[in-house]
Amino acid sequence: MNADLRDRIEIRIGDITRLPVDAIVNAANRSLLGGGGVDGAIHRAAGPELLAECRTLGGCPTGEARITRGYRLPAEYVIHTVGPVYRGDPRDALLLARCYENSLAIAAKRKFDAVAFPAISCGVYGYPMAAACRVAVAAVAEFLAAHRFPRRVIFMLFSEDAGEVYRACIEETA
Ligand code: AR6
């Protein structure tokens with residue numbers, strides 16, 4: 001990864017609901033009506049207005065993304081994307097890459113400065129962190145190389161272990 005690109009990607013550890021960025025990405029399900037994990041945390045922190053706006057969207061297919069306001073979150077917007085349930089076949093990586101691409105396409109269109117991603121599909125949906133991380137880093141690096149916006153992507157990981165996996169993966173990415 002060249003230095004320019006590396007400067008636009010940051011790894012942080014902590015709670016994504018605390019980040020004052022243009023948009024945080026939610027690892028949602030197809031209903032977009034909330035759930036556990038990071039989805040539950042985002043809905044709790046954003047308040048009931050978020051669920052009310054999500055109800056107007058009519059769900060979201062796996063691999064696609066939708067945007068809402070952030071309400072009581074420090075982030076202005078939430079980009080909801082639906083990761084694949086991990087099955088161990090080649091479609092997993094294609095669908096996961098689409099989550100990153102489609103989320104970033106929304107951010108690019110709105111000329112966002114900073115967008116933060118959790119480790120989509122790596123919790124309830126069972127995607128092994130190291131494999132998901134390779135897909136995430138490759139998809140983000142490819143998108144940023146071709147677009148000026150968003151200027152920065154933050155991978156917001158929930159544990160030091162996950163952070164280490166991401167650091168190693170970025171080191172290995174050409
Ligand atoms: N900030 C950052 N990362 C978090 C946070 C947080 N506050 N909370 C959890 N994580 P998951 P999935 C990490 O299960 O696998 C929901 O019920 C977590 O440690 O949230 O895509 C949805 O409604 C893990 O590494 O998302 C769906 O039904 C990562 O976020 C389903 O779960 C993703 O874990 C989606 O499952």
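A pocket here is an open set of points on a 1 Å grid over the protein atoms alone, with protein on both sides within 12 Å along at least five of seven lines, and its volume is the space filled by probe spheres set on those points. The model is predicted, and in it the largest pocket holds about 550 Å³ of space. Of the 27 residues that line this pocket, the closest to its centre are Ala27, Gly37, Val38, Ala119 and Gly123. Sorted by class, the lining of the largest pocket consists of 16 nonpolar, nine polar and two charged residues.

The ligand sits in this largest pocket. Around the ligand there are 23 residues, of which Asn29, Gly36, Val38, Asp39 and Val124 are the closest. At least two residues of this shell come from strand 2 (23–28), and at least two from helix 2 (37–46); helix 2 makes the largest contribution to the shell, with four residues. In terms of class, the shell around the ligand comprises 13 nonpolar, eight polar and two charged residues.

On the side-chain side, a polar atom of aspartate 15 lies 2.8 Å from a nitrogen atom of the ligand. From the backbone, a polar atom of serine 121 is 2.8 Å from an oxygen atom of the ligand, and a polar backbone atom of glycine 123 is likewise 2.8 Å from a ligand oxygen atom. The ligand taken alone exposes 700 Å², and the protein buries 88% of that area.

There remains the second largest pocket, whose volume is about 200 Å³. Its lining is made up of Arg30, Thr62, Val82, Gly83, Pro84, Val85, Arg87, Asp89, Arg91, Asp92, Leu95 and Tyr125. Helix 4, which covers residues 91–109, gives the most to this lining, with three residues. By class, the lining of the second largest pocket divides into five nonpolar, two polar and five charged residues, whereas the lining of the largest pocket, where the ligand sits, has 16 nonpolar, nine polar and two charged residues.

Key
Residues numbered from 1 in each chain as written. Predicted model: local features only at pLDDT ≥ 70, side-chain atom pairs only at ≥ 80, totals over all residues. Heavy atoms only, no water. Near = heavy atom within 4 Å. Polar contact = N/O pair within 3.5 Å; in protein donor to acceptor, adjacent residues only side chain to side chain. Areas by Shrake-Rupley, 256 points an atom, 1.4 Å probe, with all protein chains shown as cover. 1 Å grid on protein atoms, 1.4 Å probe; cavity = no way out; pocket = protein on both sides within 12 Å on 5 of 7 lines; lining within 4 Å. Sits in = over half its atoms within 2 Å of the grid points. Nonpolar A, V, L, I, M, F, W, Y, C, P; charged D, E, K, R; others polar.
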